[in-house]
Amino acid sequence: MVTDRRVAVTGVGLVTPLGNDVSSSWQAIVAGTSGIRPIRRFDPRELPVRIGGEVDGFDPEPLLGKKEAKKADRFCQYAIAAADQAVVAADLTEAGYDPARVGVIVGSGMGGIDAIETTIPVFHAGGARKVSPFFIPKLIANMAPGQIAIRFAFTGPNYCTTSACASGGHAIGEAFRLIRCGGADAMVAGGAEAGVTPLTIAGFVAMRALSTRNDEPERACRPFARDRDGFVVGEGAGIVVLESYERALRRNAPILAEVAGYGANADAYHITTPAPDGRGAAACMSLAMADAGIAPDDVGYINAHGTATEYNDVNETQAIRRVFGSHADRLQISSTKSMTGHALGAAGGIEAVFTVLALRDGVLPPTINLDEPDPECDLDYVAHVAREASVECALSNSFGFGGANACLAFRRSPESGARA
């Protein structure tokens, strides 16, 4: 079995609070536009937090048809839409792959939470006979990769990674490993979540994890800032198509970047609080770089987990200093969550796409709302305005509750294709 194949990114897809495709989402990110707004999908007046990163103007029916759209939870609809973009961009269905050698791994932290919330009152009001036969298929998290596989007849490895906010990062990392070791020739991978719901918001409010800046939603998410007061719940999907690099070259596929390495580990410390001094996150980044065969000085950009919570931002800064030493002061870092909010299980997928596009275009996204940095967050976070910079290697960090950590290492491709 082949054990050292290079892996290319040949397609990407996005559904985010900034747009329902790659082009609109990426343009808004580069422009420093916030997608955080007052919640409109439901009446949030009884909640202490009334803002979120909602996907806006998304209609699943043109893609799925009315009948099939009703059978899928919103997280699954987002995943299918983003996967469709990525597969089309990569021209994957015309690539000549054996369908049994093409798989799908899509992570989700909560799966069909929307289906749960809307079905429980129906059940209590009318009993079991009122529960939809599609409730369970809408609920289970692996329905996203399952439906994507059905749509494209990909019969290779198919499963869902569920590791809280690291879910999307783990999905892409495991897909990368499958291709590299010869277990698959191509994979569709990423994350999807539809967590802007009343119960989700209430749960995070109870944890005191969310920003309460209801009167200035665009400025609410403030990663690395002294006056940050919590994250903002976002949603959406980020999907990549990964292929054998050599096969992608032979078929003249649009190679956007190379997945060079992957690190995954556990803090083994606390259910919500990261390990002290960033030791778990630091070890994860070191694993990814070792896997990629790159040195700390080779890395020019990090798409940070950057949640704007009290513990994460300081912890991640400490982790970066721990790994990179003096090179940390030359690194360029940003948190795109400042614009999308925290898409939970989808975050790793969305942010991996942004990292790929940053390498492809030579443009690093900004961290908006960073008016006054926390003194303990003393690195270059590309504040306010995107920056043109040609970077050879970049990391994308995803750290989740339960101490789950994932880090993806990407390398710029000289064969980078046309813009998505």
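These legends walk through several close-up views of a predicted model.

**View 1. Ten strands make up an open sheet.** At the edges you will find β5 (158-159) and β10 (332-334), each of which pairs on one side only. Helix α11 (residues 279-292) lies across β8, β9 (299-303), β13 (393-400) and β14, and this helix runs at about 140° to β8.

**View 2. Strands β1 and β7 pair with each other.** Here the two strands run in the antiparallel sense, with 8 bridges between them. To find your place along the pair, look for Val12, which stands opposite Val240 in β7.

**View 3. The largest nonpolar core holds 48 residues.** Val9, Val12, Leu242 and Phe410 touch the most other members of this core. Several elements supply at least two residues each, among them β1 (7-15), α1 (22-31), β7 (236-244) and β14 (404-411). Helix α14 gives the most, with 9 residues. A second, separate core has 35 residues, including Ala90, Ala95, Val104 and Ile239. As a general point, nonpolar side chains tend to be buried together in soluble globular proteins.

**View 4. Here are the neighbours of Val9.** Leaving aside residues up to four places away in sequence, Val9 touches Val240, Val241, Leu242, Pro254, Ile255, Leu256, Ala257, Val259, Val356 and Phe410.

**View 5. Strand β4 is mostly covered.** Buried residues account for 6 of the 6 in this strand. Val102, Val104 and Val106 point one way, while Gly103, Ile105 and Gly107 point the other way. β4 pairs with β6 in the parallel sense over 6 bridges, and the bridge partner of Val102 in β6 is Ala186. β4 also runs parallel to β5, joined by 2 bridges; there, Val104 has Asn158 as its bridge partner.

**View 6. Phe204 and Phe231 form an aromatic pair.** A search of the whole structure finds 5 aromatic pairs. In this one, the ring centres are 5.1 Å apart and the planes meet at 75°, so the pair is edge-to-face. Phe204 belongs to helix α9 (residues 198-206), whereas Phe231 sits in the loop between α9 and β7. The pair links distant parts of the chain, 27 residues apart. Phe204 counts as buried at 12% relative accessibility, and Phe231 is buried too, with a relative accessible area of 6%.

**View 7. Two arginines lie over tyrosine rings.** Arg6 lies over the face of Tyr245, at 4.0 Å from the ring centre. Arg247 lies over the face of Tyr97, at 4.1 Å from the ring centre.

**View 8. Gly96 sits in a loop.** This loop runs between α4 (74-90) and β4 (102-107). Is Gly96 buried or exposed? At 59% relative accessibility, Gly96 counts as exposed. From Gly96 to Phe135 there are 39 residues in sequence, and C-alpha to C-alpha the two are 36 Å apart in space.

Terms used: Residues numbered from 1 in each chain as written. Predicted model: local features only at pLDDT ≥ 70, side-chain atom pairs only at ≥ 80, totals over all residues. Heavy atoms only, no water. Core = buried A, V, L, I, M, F, W, Y, C linked by side-chain atoms within 4.5 Å. Buried < 20%, exposed > 50% of the residue type's maximum accessible area, 1.4 Å probe, protein only. Helix = DSSP H or I, 4+ residues; strand = E, 2+ residues; numbered from the N terminus. Contact = heavy atoms within 4.5 Å. Phe/Tyr/Trp six-rings, centres within 6.5 Å; stacked < 30°, edge-to-face > 60°. Lys NZ or Arg CZ within 6 Å of the ring centre and 35° of its normal. Pairing = 2+ DSSP bridges. Axes fitted to C-alpha atoms, helices over the stretch in contact; angles between N-to-C directions.
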